[in-house]
Amino acid sequence: MDVRNCRKCGRVFNYIAGPPFCQACREVYEAEFNRVKDFVRENPRAKIEEIAEACEVTSQQIIQWIRQERLSFSDDSPIGLGCEGCGAIIRSGRFCDKCKLNISRGFDVLRQNKTEQNSSNSGSTNNPRMRFLDN
């Protein structure tokens with residue numbers, strides 16, 4: 001059992017997954033998100049400051065939801081954040097498509113190197129399998 005203190009109110013609660021909030025604060029958090037989402041649907045050209053003021057949440061919270069890809073905006077929206085890789089303007093997430101592709105290629109190279117390393121070790125005497133000595 002993972003017991004934590006709520007980041008918002010400080011109450012002790014049984015943490016399962018997601019944001020580290022107690023059930024009461026989590027419901028408030030989700031209600032705030034739904035309020036922001038509805039406002040953005042009704043006002044697609046609104047800026048982050050306008051959304052924050054109208055929905056009574058912080059700009060940082062809205063930016064966090066955008067980075068988590070819970071909120072996204074159309075191409076004609078004035079809202080755009082910088083890609084964490086190259087700085088290009090993106091509408092949702094942390095990285096642009098180009099940087100995501102480069103990151104995934106890097107993982108593919110690592111995966112390929114590990115596969116090659118495992119296949120070269122399979123015929124080697126340094127194999128990590130258990131060996132028995134006959135007496």
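Which residue just after H2 takes a positive phi? That would be Glu-56, with a phi of about 60°. Here are my notes on the rest.

1. Some ground rules. This is a predicted model, so local features need pLDDT of at least 70 and side-chain atom pairs count only at pLDDT 80 or more, while totals for chains, interfaces and linings use all residues. Residues are numbered from 1 along each chain as its sequence is written, and side-chain values use heavy atoms, with hydrogens and water left out. Helices (H or I, at least four residues) and strands (E, at least two) are DSSP runs, numbered from the N terminus.

2. Start with helix H2, residues 48–55. Ile-48, Ile-51, Ala-52 and Cys-55 are its buried residues. They fall within an arc of 100° seen down the axis of H2, so they line one face of the helix. That arc is taken from the directions from the helix axis to the C-beta atoms. Glu-49 and Glu-53, on the other side of H2, are exposed. For these words, buried means under 20% relative accessible area, exposed over 50%, and partly exposed in between (1.4 Å probe, protein chains only).

3. What do the buried residues of H2 pack against? Their partners are helix H1 (23–42) and helix H3 (59–67). Contact here means heavy atoms within 4.5 Å.

4. Now H1 itself. With 20 residues, H1 reaches 29 Å from its first C-alpha to its last, close to the 28 Å expected at 1.5 Å a residue. The expected span is 1.5 Å times one less than the number of residues in the helix.

5. The buried set in H1 is Cys-25, Tyr-29, Glu-32, Phe-33, Val-36 and Val-40. These residues cover an arc of only 100° around the axis, which puts them on the same side of H1. Gln-23, Arg-41 and Glu-42 are exposed, on the face turned away from that buried side. H2 and H3 are included in what covers the buried residues of H1.

6. Rings of Phe, Tyr and Trp (its six-membered ring) pair if their centres lie within 6.5 Å; planes under 30 degrees apart count as stacked, over 60 as edge-to-face and the rest as tilted. By this rule the count is 4 aromatic pairs. Phe-33 and Trp-65 make an edge-to-face pair, 5.2 Å centre to centre with 70° between the planes. That pair links distant parts of the chain, with Phe-33 in helix H1 and Trp-65 in helix H3, 32 residues apart. Both Phe-33 and Trp-65 are buried. One aromatic cluster is formed by Phe-21, Tyr-29, Phe-33 and Trp-65.

7. How many disulfides are there? The count is 0, a disulfide being a pair of cysteine sulfur atoms within 2.5 Å. The sulfur of Cys-6 is 3.7 Å from the closest cysteine sulfur, in Cys-9, too far for a bond. Cys-25 is in no disulfide either, with the nearest cysteine sulfur, that of Cys-22, 3.6 Å away. Cys-6 counts as buried at 4% relative accessibility, and Cys-25 is buried at 10% relative accessible area.

8. Last stop: Ser-92, in the loop between strand S4 (89–90) and helix H4 (97–121). Ser-92 is buried, its relative accessible area being 18%. A polar atom of the Ser-92 side chain lies 3.1 Å from the backbone oxygen of Leu-71. Leaving aside neighbours within four places in sequence, Ser-92 is in contact with Ile-66, Glu-69, Leu-71 and Ser-72.

How values were computed:
Polar contact = N/O pair within 3.5 Å; in protein donor to acceptor, adjacent residues only side chain to side chain.
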